[in-house]
Amino acid sequence: MCQNSFGSQELARGKFIAGVVSFTAAVFFLARPVFTMLRSGREMFAAALLLGLCATANADDVLFENVRIFDGKGAALSEPSNVLVRGNVIAEISTSPIEAEGAERIAGDGRTLIPGLIDAHWHAMLAAASPAEVMGDVSFASILAGEEATDTLMRGFTTVRDVGGPAFGLKRAIDQGIIPGPRIYPSGAMITVTSGHGDFRQFTDLPRRVGGPLTPMETSGGAMVVDSPDEVRLRAREQLMQGAVLIKLTAGGGVSSPFSPLDVTTFTEAELRAAVEIAENWGTYVAAHAFTTDATRKAIAAGVKCIEHGFLMDEATARLIAEKGIWLSLQPLPELMRTGLREGSVERAKAEEVWPGIGRTYELAKKYKIKTAWGTDVLFSRALARQQGAILASLTRWYTPAEALVMATGTNAELLALSGQRNPYPGKLGVVEEGALADLLLVEGNPLENMDLVADPGNNFKIIMKDGLIYKNTLAK
Ligand SMILES: [Zn+2]
């Protein structure tokens with residue numbers, strides 16, 4: 001089962017033991033339920049990888065038989081088909097029988113095979129932990145985020161675009177097979193200005209001496225405060241050095257941060273341009289949080305390639321986004337996110353202003369055929385994180401199930417590809433086609449007819465495969 005030698009197993013164990021003790025304990029704690037869930041030898045292989053016992057991933061072939069494919073692009077299911085996964089790639093798709101001696105055979109029995117889901121606006125380190133936990137105890141927040149990453153994968157989300165938070169170590173642990181979780185496209189710290197969205201400092205942190213020491217918010221890697229183009233360059237380059245595959249900044253006010261009124265435009269155009277120049281020097285792009293017309297237009301003028309939210313922009317700006325081929329990353333923010341904010345609080349008042357813009361912006365995106373990505377933006381709430389699939393299903397307020405699923409797979413993957421040479425997972429994601437990376441879900445039922453199936457992944461996603469490895473298989477053997 002394990003292809004590596006005893007020596008490298010020992011090496012893997014050695015590295016493991018040399019790790020932080022509490023983190024190691026957490027890894028075993030997290031991996032235990034996964035072991036109980038996994039059944040076949042192949043899944044045990046995956047589990048061995050998770051525990052660091054196998055250093056190589058020479059997985060066996062897997063043959064899905066008699067499945068109907070939603071390919072992440074079109075609106076129809078395929079004829080009953082067979083899909084061969086070899087290593088981490090979809091090797092062959094055919095309506096005729098596929099010869100695959102020795103492959104693990106999965107009887108699809110007419111179930112639906114779809115690409116792994118992609119959340120284009122996620123915060124892996126902030127979905128479950130509070131800002132205070134991230135700033136106050138990064139190791140605790142990391143363990144929470146590790147557990148949440150496993151849950152994220154078990155909801156069928158095989159990839160997330162992480163637009164703010166110190167997710168580099170989490171990504172490394174997932175990529176090395178230490179814990180199960182999604183592929184992560186990280187931006188690293190949100191870059192903000194003094195009092196901008198993402199500035200969670202307190203008045204006691206002021207006044208800040210230029211060049212003075214950083215606050216816990218910044219040393220945790222959650223957000224970096226910049227107030228000049230030079231500081232933008234410094235902090236953007238620091239994120240890229242750590243593995244950022246895009247740069248995220250906050251061009252205007254936001255709901256969850258206390259000192260950023262919604263109407264303000266936070267960055268100057270020179271500061272925005274500095275970020276764009278640095279990102280483009282690295283072959284990647286800037287995504288900007290912006291609600292208002294002014295913040296959105298300034299970001300576009302500076303060369304930002306993706307606007308996050310845009311819920312308060314006017315119709316002319318939506319038209320401009322479409323004309324320029326800019327991406328609009330939208331989120332059907334659930335009511336629970338709004339009502340979870342304390343009544344009478346500044347944050348709640350801002351939410352009341354933003355929420356009516358959500359439906360209006362989706363309508364504009366449809367009207368002007370804007371390149372639209374889908375995400376959730378869950379922050380600081382495990383209860384909301386559990387609704388990730390339900391938030392996707394809620395897109396049927398504006399889209400057919402097929403349109404919504406294309407958005408959360410093939411279309412979101414096109415946005416991921418904007419990271420260019422910084423793409424940490426070269427290969428095609430979000431589609432079921434020969435040569436694409438094997439991130440696949442086997443669904444009980446047809447989500448193109450019943451989108452609610454994705455809201456209950458525990459029952460309806462029978463198999464979850466990421467990178468050719470099966471992480472969940474509840475089909476009877
Ligand atoms: Zn966000």
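Colleague: At roughly what angle do the axes of helix α10 and helix α11 cross?

Modeller: This is a predicted model. In it, the axes of α10 (residues 293–302) and α11 (residues 315–324) cross at roughly 20° and come within 10 Å. Angles under 35 degrees count as roughly parallel, so α10 and α11 are roughly parallel to each other.

Colleague: Left-handed or right-handed crossing?

Modeller: α10 passes α11 in a left-handed crossing.

Colleague: Which residues meet there?

Modeller: From α10, Thr293, Thr296, Arg297 and Ile300; they meet Thr317, Leu320 and Lys324 of α11. By type, the residues of this contact divide into 2 nonpolar, 3 polar and 2 charged.

Colleague: Switching to α5. How many of its 17 residues are buried?

Modeller: 12 of the 17, so α5 is largely enclosed by the rest of the structure. Among the buried ones are Val138, Ile143, Leu144, Glu148 and Leu153.

Colleague: And what should the helix span?

Modeller: At 1.5 Å a residue, α5 (residues 138–154) should span 24 Å. Its end C-alpha atoms are 24 Å apart, which agrees.

Colleague: Last one, Ala132. Buried or exposed?

Modeller: Ala132 counts as exposed because it has 12 C-beta neighbours inside 10 Å, and 12 or fewer is the cut-off for exposed. Ala132 is found in helix α4 (residues 131–136).

Colleague: How far apart in space are Ala132 and Met217?

Modeller: 8.8 Å, C-alpha to C-alpha, while in sequence Ala132 and Met217 are 85 residues apart.

Terms used: Residues numbered from 1 in each chain as written. Predicted model: local features only at pLDDT ≥ 70, side-chain atom pairs only at ≥ 80, totals over all residues. Helix = DSSP H or I, 4+ residues; strand = E, 2+ residues; numbered from the N terminus. Buried ≥ 20, exposed ≤ 12 C-beta atoms within 10 Å, placed from the backbone. Expected span 1.5 Å × (residues − 1). Axes fitted to C-alpha atoms, helices over the stretch in contact; angles between N-to-C directions. Parallel < 35°, antiparallel > 145°, perpendicular 65-115°, else oblique. Left-handed = near helix turned anticlockwise from the far one by under 90°. Contact = placed C-beta atoms within 7 Å. Nonpolar A, V, L, I, M, F, W, Y, C, P; charged D, E, K, R; others polar.
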